[in-house]
Amino acid sequence: MGGCSSQSCHRCFFEYETERMIVVKSKVVGSVFRLIQFLILFYVIGYVCVVQKSYQETDSVISSVTTKVKGTGFTNTSDLGGRVWDVADYNIPPQGESSFFVLTNMIVTPNQTQSTCPEVSSMFSNRITLLKKGIQTGLCMNYSETVKTCEVLSWCPLEIDINLPEHALLVAAEDFTVLIKNSVTYPKFNFHKRNILPDVNSSYLKQCEFNRKTDPDCPIFRLKDMVSEAEEDFQTMATRGGVLGIMIDWNCDLDWPEHYCGPKYSFRRLDNKIPENNVAPGYNFRFAKYYKTTDGRETRTLIKAYGIRFDVIVFGTAGKFNMVPTIVNVGAALTFLSLVSSVKWSHLQNTHYL
């Protein structure tokens, strides 16, 4: 149909155009045409609908986590003697935001008082290096028979933290357990659930332990098992410490019954242990326990604590059928199919089939 002049635009407004329909009897052209149609349908149905579930409305998870560690260990060192460690000693601090720390190794400096003492020195590559851990007074003191160092005002005697035990002192930590309580919400769908399932009772929690094959719903985890699933050796990691991630996956398809939506656990080491970049490896920090002597003098025991920090990371997305995304994706599929004919028509004209 020809174009419309400015004088007859009102006539064109009420006209309707259609494309010519031509049947091309060619096995090659027909086969290519049907193949393209099949690929588009396979993409829309197989990938967009089945894999991506684009017919669903989605929402991101909102989560809260609390943990409770249990276990008792025993150490026998020259600084502390024989000592029993319970959760109040090795779980530092007692409460964390989606994380907890378990003490596994330590350097202990007992009976420190506020006084003056010689600055600690250490030998690195035949060179004496001062480990500055106090306020210098300007005086010199004999650190040893052959070495003099500056006098410092500090907690004395100063900590010497270069002789870390080669094996973790709190070896029993591998058998400690942790109860992880995780609640999740998908507010868009008014969906709430916990990792402690509705059919779980107190007697079950007292005796269960997470096992991926035999007891995957138990929320109580043995520390060694988590480290092993992250393909790490617990005792090796416990010597210098590290950071382990506890991943809880709450990806849910809410078109299915609620009991199909449950947590999936995985474990991964998060701190850097690359041999080429092993400066300051592991995980450690210091804390002190303070006392007063009978004469009222303040003393303390300084502990450089090495251990494993466990970070609980919760993630997930929920989806549920919604008409709007369904119409959008069906419309997109029909558009793709209609484009096949247009592309094919242009190709036929260019290759002189017509």
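Of the 354 residues in the protein, 37% are buried, a term that denotes under 20% relative accessible area, with exposed meaning over 50% and partly exposed the range in between (1.4 Å probe, protein chains only). This is a predicted model, in which local features need pLDDT of at least 70 and side-chain atom pairs count only at pLDDT 80 or more, while totals for chains, interfaces and linings use all residues. Residues are numbered from 1 along each chain as its sequence is written, and side-chain values use heavy atoms, with hydrogens and water left out.

The secondary structure comprises 7 helices and 18 strands, taken as DSSP runs (H or I of at least four residues for helices, E of at least two for strands) and numbered from the N terminus.

The protein has 12 salt bridges, each defined by a side-chain nitrogen of Lys or Arg within 4 Å of a carboxyl oxygen of Asp or Glu. One of them joins Lys188 to Glu57, with 3.7 Å between the closest N and O atoms. Lys188 lies in the loop between β10 (177-186) and β11 (191-194) and Glu57 in strand β1 (residues 56-60), so this pair ties together parts that are 131 residues apart in sequence. Lys188 is partly exposed, at 46% relative accessible area, and Glu57 is partly exposed at 29%.

Lys304 and Asp161 form another salt bridge, their closest N and O atoms lying 3.1 Å apart. Lys304 belongs to strand β17 (residues 298-315) and Asp161 to the loop between β9 (148-156) and β10, 143 residues apart. Both Lys304 and Asp161 are buried. These two residues also belong to a network of salt bridges that links Glu159, Asp161, Arg286 and Lys304.
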